[in-house]
Amino acid sequence: MMAKSLPKPLRKQREVLYLPVTGHSAVLGTAGSGKTTLALYRAAYLSTADMPHSGRTLLLTFNQALVTYLNHLKPFELHNVVIETYHKFARGYLNSRGKMSFNSICDPDLRRTLIARAVANVTQRYEKSKFFDRPLAFFLDEIGWILSHGIETEEQYVAVERVGRVGTTLARKLRSVMFEILKEYLALRTQQGKLYDWDDIAYHVRQEYLQDDRARRYRHIIIDEGQDFSPEMIRSLASAIPDDGSLTFFGDVAQQIYGQRTSWRFAGLTVPQTWEFKENYRNTKQVARLGLAISKMPYYEGIADMVEPTSPRADGPLPTIAECDTRAKQIEVALRVAKESGKTKSVALLFKDREQERLISSGLPNYATKLHRDMNSWNDGPGIYYGTYHSAKGLEFDLVILPFLEKENLPDSEYVESHGEEDALTHDGRLLYVAVTRARTDLLLLYTGELTPLLPAKPSLYVRVSP
């Protein structure tokens with residue numbers, strides 16, 4: 001029934017495939033444990049026409065590159081399964097309710113401008129305070145946190161336990177001021193004719209479902225990479241299924257890179273039992289060992305729902321680490337290795353952000369594939385892919401090349417300034433974990449000067465070479 005490119009479910013995967021067909025289920029797994037593959041099998045099982053539980057099924061994930069990959073894997077006969085990003089689903093639903101007018105979502109650049117203006121406006125109402133001198137990124141993040149958690153009143157915000165912020169605290173007595181900034185931003189946004197932004201669109205979806213007495217479009221919903229869904233996103237999806245439907249959550253908190261330390265448990269799902277996938281089927285022992293060592297770094301301590309993987313059976317080379325004299329040398333090495341290896345392997349060049357991606361992308365051949373939100377096709381087999389750590393979520397490649405791993409680049413200095421060093425280490429450490437665990441067999445790490453403290457220092461994890 002399923003495509004040949006999908007491996008067959010193994011061991012506990014087979015049990016999870018047949019989880020209850022009503023209610024909520026949660027599956028937690030380590031990187032490489034086959035969660036995404038099983039999400040497709042689960043969708044096939046729930047949508048099978050000749051089964052009593054059969055129904056239209058929605059498989060959601062966070063980034064478009066993974067949606068494109070999943071649609072590539074999805075067999076044609078799974079016509080009763082829709083795969084898309086959460087935000088595409090949200091826009092479509094609000095449009096069906098007559099609540100999505102043209103250009104009604106505030107884009108990130110305008111949001112940044114309006115929040116800066118809101119901070120300035122509220123500052124004028126108070127005596128001089130260091131609170132207002134914090135970097136703009138602090139206010140952007142805090143407003144995003146409030147909205148993505150569905151907090152509606154100042155009283156709720158003052159009372160709630162602020163999970164996730166470690167390095168830069170926000171005293172409860174300042175929360176009323178922060179909430180005033182939020183209200184000012186929302187007022188300014190309304191004046192611009194923007195009904196939503198990407199942080200609060202899930203709240204509005206849930207509110208619409210509370211009033212929507214129509215038959216639900218989907219009987220079953222599956223969330224892949226669920227650790228990156230906000231609590232309000234998950235709540236809205238729980239509202240989107242009928243009483244005889246199901247919601248299945250697949251996630252790995254070690255790979256949570258959107259938001260900070262927010263557990264799916266905050267969404268209020270009713271999960272009788274959580275299932276854990278500890279088998280790593282993707283990485284070699286050597287790559288998996290590095291990933292595990294990263295997950296044991298101090299900045300990962302205290303994270304709930306961590307699943308420690310068992311060692312894979314497949315053997316391979318140690319991750320290669322190369323100190324280059326200059327960044328230009330890093331670029332030269334990355335391009336040379338990518339071009340040579342791309343003839344016989346799938347190769348991914350991954351970066352912290354698009355700005356660093358542009359330093360190398362101009363030197364790549366025309367056939368190289370960019371991982372981005374508008375991609376609509378996927379090519380199997382050897383070749384070169386490039387993009388940010390974020391864009392590679394859920395994907396895997398034979399060889400992964402990670403340049404610019406010097407201390408001055410990771411953790412990000414602007415993130416340290418706005419969120420504090422501990423939060424920055426946690427945030428960028430998770431990004432690096434995601435990037436490293438995309439590699440099936442080969443991993444090349446490049447840096448200039450001093451190596452990032454986000455990587456474990458243990459020499460036996462690597463082989464060092466001189467480029």
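This briefing describes the aromatic ring pairs of the structure and the arginines placed over aromatic rings. The model is a predicted one, and a search through the whole structure finds 14 aromatic pairs. A pair of aromatic rings is described by the distance of the centres and the angle of the planes, and the pairs below are presented in those terms.

**The pair Y18 and Y45**

- The ring centres of Y18 and Y45 are 4.8 Å apart and their planes stand at 85°, so this pair is edge-to-face, given that planes over 60 degrees apart are counted that way.
- Y18 counts as exposed because its relative accessibility is 51%, whereas Y45, with a relative accessibility of 19%, counts as buried.

**The pair W378 and Y385**

- W378 and Y385 form a stacked aromatic pair, with 5.1 Å from centre to centre and 20° between the planes.
- Both partners of this pair, W378 and Y385, are buried.

**The cluster and the charges over rings**

- Y126, F131, F132, F138 and F139 are linked into a cluster by ring pairs.
- One ring of this cluster, that of F138, also has the charged end of R134 sitting over it, 4.6 Å from the ring centre.
- Elsewhere in the chain numbering, R327 lies over the face of F404, at 4.5 Å from the centre of that ring.

Terms used: Residues are numbered from 1 along each chain as its sequence is written. This is a predicted model: local features need pLDDT of at least 70, side-chain atom pairs count only at pLDDT 80 or more; totals for chains, interfaces and linings use all residues. Side-chain values use heavy atoms; hydrogens and water are left out. Rings of Phe, Tyr and Trp (its six-membered ring) pair if their centres lie within 6.5 Å; planes under 30 degrees apart count as stacked, over 60 as edge-to-face and the rest as tilted. Buried means under 20% relative accessible area, exposed over 50%, partly exposed in between (1.4 Å probe, protein chains only). A charge sits over a ring if NZ of Lys or CZ of Arg is within 6 Å of the ring centre and within 35 degrees of the ring normal.
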